[in-house]
Amino acid sequence: MLSRLPCLARGPVFKTCFATLRTQARTTIGTPVARKGVAVEKDWHFYGKMFLAGSAVIGGASVVAVGLKPGALDAEVSALARSVIWPEYISSRIKSTYMYFGLGLAATGGTMALTKNFAGLQNLMARHPIMAMVGLIGAQIAINGVQHSLPYTSENMVTKYLLAAGLYGIIGTVLGPLMHLGGPIVTRAAMYTGALVSGLTLAAMTAPSEKYLQMSGPLMMGFAAVFAASIATAFLPPTGNLGGGVYMIAVYGGVVLFSALMLYQTQSIVRQCERTPHYMTYDPISASIGIYMSTINLFVRILNILASSKRK
């Protein structure tokens with residue numbers, strides 16, 4: 001259940017596009033609200049970065065503590081250590097999952113580049129933001145739901161591929177306007193996201209088996225808080241104490257949440273691959289959607305942070 005939750009977290013994607021246009025408009029006009037908002041925004045970004053730094057220290061210390069715990073590695077062997085004795089079908093499942101994960105990111109990136117000047121969607125978002133948000137969220141949930149309900153068999157392959165491509169295309173189209181922030185900053189955000197996701201995947205693979213799967217309760221509560229804050233940012237500009245605090249939860253809290261969710265989802269994929277008997281069907285496309293959505297959410301937030309720092 002929890003592995004499907006990132007598919008609902010679309011708020012920050014839309015919020016980032018809207019906030020970028022709104023901030024640029026206020027800066028151009030030069031109103032007192034915009035000048036006042038810059039100072040407030042700086043404070044919240046400072047607090048957010050301190051929060052990220054503290055979370056990174058705590059997270060790193062916890063990983064080290066788990067690894068150094070006497071008998072921890074003897075009692076529960078990591079996935080990386082178990083990989084040497086995996087049957088071929090388990091290794092093939094994991095490779096297929098991450099192949100679809102990479103293809104999804106590549107398709108999204110290509111769609112972003114192709115649709116960055118798609119005026120129709122930008123006008124719809126500007127004129128009817130709530131309707132656009134609800135419509136696109138509904139479309140993504142519906143597509144992913146139908147795709148997930150189809151068995152991974154040869155008869156359904158073409159349909160599953162088309163549905164997955166449609167999901168990647170919708171998300172890439174929504175993220176297309178972010179390309180106007182500039183190629184260098186988008187490239188930096190992609191590199192930082194790739195490094196972060198690679199490190200989190202390695203941490204999950206080398207940690208004692210299923211340690212991160214015990215985080216489902218805290219992740220559920222954190223997801224609810226970040227999702228609510230992401231929706232609230234569409235109505236509260238980050239120019240006051242309330243709006244700035246909500247913005248920090250949505251952006252910086254989201255980085256922490258989806259980083260933890262990557263750890264959870266990685267070990268969940270490994271467990272699913274190992275515990276699904278070889279004679280039963282395993283669906284790598286559906287399994288890859290969770291880590292794909294977490295990566296997209298991390299990318300959007302990191303890009304948001306870099307763009308805000310650049311404006312200073």
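Q: How are helix 5 and helix 8 oriented to each other?
A: They are oblique to each other, because their axes cross at roughly 45°. This is a predicted model, by the way. The two axes come within 7 Å.

Q: And is that crossing left-handed or right-handed?
A: Right-handed, as helix 5 passes helix 8.

Q: Which residues make the contact?
A: On helix 5 they are Tyr100, Gly104, Ala107, Thr108, Thr111, Met112 and Thr115. Helix 8 brings Tyr161, Tyr168, Gly169, Ile171, Gly172, Thr173 and Leu175.

Q: Tell me about helix 5 itself. How far does it reach?
A: Helix 5 covers residues 88–115, which is 28 residues, and spans 40 Å from its first C-alpha to its last. That is close to the 40 Å expected at 1.5 Å a residue.

Q: Which of its residues are buried?
A: Quite a list: Ile90, Ser91, Arg93, Ile94, Thr97, Tyr100, Phe101, Gly104, Thr108, Thr111, Met112 and Thr115.

Q: Let's zoom in on Tyr100. Why does it count as buried?
A: Its relative accessibility is 10%, and buried means under 20%, so Tyr100 qualifies.

Q: What does Tyr100 touch?
A: Leaving out residues up to four places away in sequence, Tyr100 touches Tyr152, Tyr161, Tyr168, Pro284, Ile285 and Ser288. There's also a C-alpha separation of 9.1 Å between Tyr100 and Ala287, which sit 187 residues apart along the chain.

Q: Switching topic: how do helix 10 and helix 11 cross?
A: Their axes cross at roughly 145° and come within 9 Å. That crossing is left-handed.

Q: Which residues meet there?
A: From helix 10, among them are Leu219, Gly222, Phe223 and Val226. From helix 11, they include Ile249, Gly253, Gly254 and Leu257.

Q: How many of that contact's residues are nonpolar, polar or charged?
A: There are 13 nonpolar, 5 polar and no charged residues.

Q: Last one, the overall picture. How many helices and strands does the chain have?
A: It has 12 helices and 0 strands. Of its 312 residues, 47% count as buried.

Q: And what share of the contacts links residues 24 or more positions apart?
A: Such pairs account for 87% of the contacts with a separation of 6 or more.

Conventions: Residues numbered from 1 in each chain as written. Predicted model: local features only at pLDDT ≥ 70, side-chain atom pairs only at ≥ 80, totals over all residues. Heavy atoms only, no water. Helix = DSSP H or I, 4+ residues; strand = E, 2+ residues; numbered from the N terminus. Expected span 1.5 Å × (residues − 1). Buried < 20%, exposed > 50% of the residue type's maximum accessible area, 1.4 Å probe, protein only. Axes fitted to C-alpha atoms, helices over the stretch in contact; angles between N-to-C directions. Parallel < 35°, antiparallel > 145°, perpendicular 65-115°, else oblique. Left-handed = near helix turned anticlockwise from the far one by under 90°. Contact = heavy atoms within 4.5 Å. Nonpolar A, V, L, I, M, F, W, Y, C, P; charged D, E, K, R; others polar.
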